[in-house]
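Please walk through this structure step by step.

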Amino acid sequence: MSFEIPIGPQHPALKEPISLRMTVEGEVITGVDIRLGYNHRGLEKVAEDKNWTQNIYLTERICGICSHSHATCFVQGVERLMELAPPKRGLYIRYLISELERVHSHLLWLGVAGHEAGFDSFFMYVWRDREIVMDLLEMITGNRVHYAINTIGGVRRDLDEGQKAKVLEGVATLKKRSEYYLRLGATEPSFVARIAGVGLLSYEQAVSLCATGPVAKASGVARDVRKEDPYAVYDELDFELCTADTCDVLGRVVVRVKEVLESYKMIEQMIKGLPDGDIACKAPRKAKPGETVSRYEAPRGENIHYIKANGTDKPERLKVRAPTLGNYPATVEMLRNGFIADIPLIFAAIDPCICCAERTVTLIGARSGEESVVRMSDLRRKALARPLNAGVKRNAVWPF
Amino acid sequence: MSDTDIVESLKRDLGAKALELTNPAVRRIFFKVATADLVPAVTLLRDKYDCAFLSTITGLDAGETFEFLYHFASPVTTIHVRTAVARSDPRFPSICGVIPGAVLYERELQEMFGVVVEGIPDGRRLNLPDDWPDGQYPMRKDWKHVRPQEIIPGGES
């Protein structure tokens, strides 16, 4: 007997509105259907009515965590359309923010993963440390989330010596702690027992379903836009591509902590090698007719913007594909044959988050398929009757 | 393999099928195929050029035609396959048989542009609500959003 459990779209524990319909047999998930659109704001259509500068701030609002990813992806495409060469210092600051953002996003996720796995002290430690990077971002850009530092042709704020020293200091602290988290996350027996072997996605599935980002990397797919299509400053930086071959949630944890460690390396390199000069160049108001494809490695995977210009100050077409959409077909496969209790863990492992499965007040007999609705009044009556029916308990006796 | 090698190789493999083969920027290769050649071209890209990763499919309203761009990425370059269908008869084949991960992007094209993807394994709506009126395709250029009149219960005070 199989039946459907709806999770979302509006769920007290769901951070984003998405509807998942799980077909379950007992505790085992046999099928998943994902329905999107509850948060569809028609941004691609809106972008056609806004000029290039307005669109920087529009694209920044696509995502509330990796806001800088979308703005940067858009801006680097527009710069290519306008044939601009932003000054080196501006680019270094822009991608410094990118890496700081990756750190804050991955630390956020690690905390959530710890929380979903029932390891709440890990969650609190990681989120405490995330504040360090949030403070650095606020110091540099003035904001914690929507940094608004990008402009066409460079960035809007410069770095001074004091800020550089503070970033290095913060990163040194984070590095030490992240190494500890890597050791903890990969060896703590109860944590590993909870996440190992959960949400399996084989290498073949990851390739055929076009998975991207840490999800693909944890299945052994060594793909990273920063390596294979190095944009702006990434061909000057020394970093490694992090993968894992366990194909499960454990692998996704390991990949993300390793990526964070690589990001610290890149941040240090960028701060130490920050060139002198201007931070932005002047951009024209209009772009010549043409088209470009801009790719960016966001914390969650490949982010791609297709931009077509028609000679005016507005885009003819802006197509955005955020990495999470690319990972949904893979998520369906990860959830299949898993347990209901693993849904939050697996779903959180691609990086959107839901905390717990929705419970229904329609009870369905697992074997017979009979439905019976429990009314609120019945529940209340049962709750009141429960202590009366319980056995008599003696008061605890102090042993001494 | 550099971009020029890939362009030369594509010319040899696809011959007259690959129209407008260009390489406008580093690691960006564009070419156009007829809709009938789409699936064979995609199969070739997947098997010979290591382009199993489909980034997304972009739809464009170009007036008389709809253009679709399939953005593929291999470890060394990105290849963008363009195809066009007439606005009067917008049908083209699904590539889900070759790239199973394409299904969400094709579903999005169907509802946003009002095109028919033939042979799509799952043709339901993806983003638009269930009560969205038929025949309204938001990403078409002639579609304009009209904000419905706000009705305040009890009237304005």
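Start at A:Tyr203. Leaving aside residues up to four places away in sequence, A:Tyr203 touches A:Ser219, A:Gly220 and A:Val221. This is a predicted model. A:Tyr203 sits in helix H8 of chain A, which covers residues 203–208. Now look at A:Ala216. A:Ala216 is 13 residues from A:Tyr203 in sequence, and their C-alpha atoms are 7.8 Å apart in space.

Next, consider confidence in chain A. The mean pLDDT of chain A is 85. In this chain, 88% of the residues reach 70 or more. One stretch needs care. Residues 353–366 of chain A have a pLDDT below 50. Beyond near neighbours in sequence, this stretch still has 36 contacts in the model. Where pLDDT is low, the predicted coordinates should not be read in detail.

Now turn to the interface. Here 25 residues of chain A are in contact with 27 residues of chain B. Which elements of chain B each supply at least two residues of the side that touches chain A? They are strand S3 (53–62), strand S4 (65–73), strand S5 (78–86) and helix H3 (103–113) of chain B. S3(B) gives the most, with six residues. By class, the side of chain B that touches chain A has 17 nonpolar residues, eight polar and two charged.

Technical notes: Residues numbered from 1 in each chain as written. Chains lettered and ligands numbered in written order. Predicted model: local features only at pLDDT ≥ 70, side-chain atom pairs only at ≥ 80, totals over all residues. Contact = placed C-beta atoms within 7 Å. Helix = DSSP H or I, 4+ residues; strand = E, 2+ residues; numbered from the N terminus. Nonpolar A, V, L, I, M, F, W, Y, C, P; charged D, E, K, R; others polar. pLDDT = per-residue confidence, 0-100.
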